[in-house]
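I opened this notebook to keep a record of what I looked up, in the order in which I went through it. The sequence and the structure come first, and my entries follow.

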Amino acid sequence: MSLRVPVPEALRDSGAVAVVSRLHESRPAQESVTALAVGAREFEVDATPGEVLAVSLLDPAGALSEAAMVRAGASVWPMKQSQPRTLRVPQDYPNIQAAVDAARAGDTVLVKSGTYFETVRLKSGIQLLGSGARWTILDGGGAPVKLIDFSGASNVVVAGFTFQNVGTGNVCDAMDVMDCGGTWYSAAVYADGHTEQGQAPTSALLMHNIFRHNSIGAMLYFHARAVVRNNLFVGNTHGFVANHFQDVALVANNVFWENTREAIVNQAAYLDILNNVVARSEIGIWHAHIQTGRIRCNLFFENGVNGADIHLVPPRFEIGTDGNVELDPRFVSSDSGNFHPAGDSPLIDAGCFEGLDQNGTREDRGAYGGPLGSWQ
């Protein structure tokens, strides 16, 4: 089966770059980067049953033009289902939820820079875009809330926000993040992938976001799927959590910095954890039960332990194998929030894959590496 993806008109004369990330519940995530010919009006993406695809279209300089999540078997690119619209907040709608409620599949909700104190429930096929993560902020005000909830929503994109100050107060917030089901926790971004009747198709592309000072940065619960790419997780209690079984995610090219308890938690999920910086947490990656997926080319630094498991099993990964290293990442200035690699950083050209950076070299580790690394 295949999907024909139109090239935005603005990119046809200059050429576009297509980045495709594939999630499947029983095999490793895959990524590809394709330079499209000048003048191309569309390109074809092949898919196999069971896959969910995150497709991003970039201009030649690496800036994001368009992105969507698509399930295998879809015959129409989301932006072609109807005339796509851009719904602006607050110019057209007073708050984000009002714009989401008015949106239909293929639409973009574009949020102006500013600080917003609200919670948002997404629906399928929506792009929710901020005006840059450093300038577009959703603030929990210390309350035990879920700032973004995409439970039961498939093929959504969330990019360009800072999510901050989600506090504790729900029933299980003071407990271990594996003790309760996901609905009992507070998280900046959250998704439940099931209902009482069974699985509910739930998938999102989360990129170019900052998660800071939250009880939990992002949590997937029970069959949820996500591509979590090129984000900063800074100063949360728990960074990224796959809670209670059979979530599927690609966690790639993120920086996890000073998340006090754990950077990444995997409770029987299929997580591919690639090219991240995992630093200054009590536990870098914490596992439980049957963990599958690759742990490769990550840089660890000053964690209490880099990996831990609630069961007595052999280590899930080892420093010095599969590209995993323990080194100072040497950022430009972590104290001022600049997590770009300095000129002598071991992050540069040290990722798992050749040719995935925009300059054609081996991709960098960290939040500014790989084909989606051009963001602020």
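Which side chain meets Glu-31 in a salt bridge? I found that Arg-229 does, with 2.7 Å from N to O; a salt bridge here is a side-chain nitrogen of Lys or Arg within 4 Å of a carboxyl oxygen of Asp or Glu.

Before going on, I noted that this is a predicted model, in which local features need pLDDT of at least 70 and side-chain atom pairs count only at pLDDT 80 or more, while totals for chains, interfaces and linings use all residues. I also noted that residues are numbered from 1 along each chain as its sequence is written, and that side-chain values use heavy atoms, with hydrogens and water left out.

**Entry on the salt bridges**

I looked up where the two partners lie, and they link distant parts of the chain, with Glu-31 in strand β3 (residues 27-35) and Arg-229 in strand β22 (residues 225-229), 198 residues apart. Strands are DSSP runs of E of at least two residues, and helices are runs of H or I of at least four, each numbered from the N terminus. Arg-229 has a relative accessible area of 0% and is therefore buried, whereas Glu-31, at 24%, is partly exposed; buried means under 20% relative accessible area, exposed over 50%, and partly exposed in between, with a 1.4 Å probe and protein chains only.

How many salt bridges does the structure hold? I noted 14. Another of them joins Glu-258 to Arg-280, whose closest N and O atoms are 3.1 Å apart. Glu-258 is in the loop between β26 and β27 (262-267), and Arg-280 is in the loop between β29 (277-279) and β30 (283-288), 22 residues apart. Glu-258 counts as partly exposed at 36% relative accessibility, and Arg-280 is partly exposed at 33%.

I then turned to Asp-344 and Arg-330, whose side chains meet in a salt bridge at 3.5 Å, N to O. Asp-344 belongs to the segment after β36, while Arg-330 is in the loop between β34 (325-326) and β35 (331-333), 14 residues apart. Salt bridges that share partners also join Arg-4, Glu-42 and Glu-44 into one network.

I followed an open sheet of nine strands with parallel pairing, in the order β7-β8-β11-β14-β19-β22-β25-β28-β31; two strands pair if DSSP finds at least two bridges between them. The edge strands are β7 (86-89) and β31 (295-296), each of which pairs on one side only. Within the sheet, four bridges join β14 (residues 156-159) to β19 (residues 203-207), and these strands run parallel. Ala-159 stands opposite Met-207 in β19.

Is His-208 buried or exposed? I found it to be buried, at 10% relative accessibility, in the loop between β19 and β20 (210-212). Leaving aside neighbours within four places in sequence, its contacts (heavy atoms within 4.5 Å) include Ala-159, Phe-161, Arg-229 and Trp-375.

**Entry on the aromatic rings**

I counted on the record of 10 aromatic pairs in the structure. Rings of Phe, Tyr and Trp (its six-membered ring) pair if their centres lie within 6.5 Å, and planes under 30 degrees apart count as stacked, over 60 as edge-to-face and the rest as tilted. Trp-257 and Phe-339 form an edge-to-face pair, 5.9 Å centre to centre with 65° between the planes. Trp-257 lies in strand β26 (residues 255-257) and Phe-339 in strand β36 (residues 338-341), so the pair ties together parts that are 82 residues apart in sequence. Trp-257 is buried at 5% relative accessibility, and Phe-339 is buried at 4%. Phe-339 also pairs edge-to-face with Phe-331, the centres being 5.0 Å apart and the planes at 80°.

Elsewhere, Phe-161, Phe-163, Phe-211, Phe-233 and Phe-256 form one aromatic cluster.

**Entry on the nonpolar cores**

Which residues have the most contacts inside the largest nonpolar core? I noted Phe-163, Phe-240 and Ile-264, in a core of 50 residues; such a core is a set of buried Ala, Val, Leu, Ile, Met, Phe, Trp, Tyr and Cys residues joined through side-chain atoms within 4.5 Å. Apart from this core lies another, of 21 residues, among them Val-17, Ala-54, Leu-205 and Ala-252.
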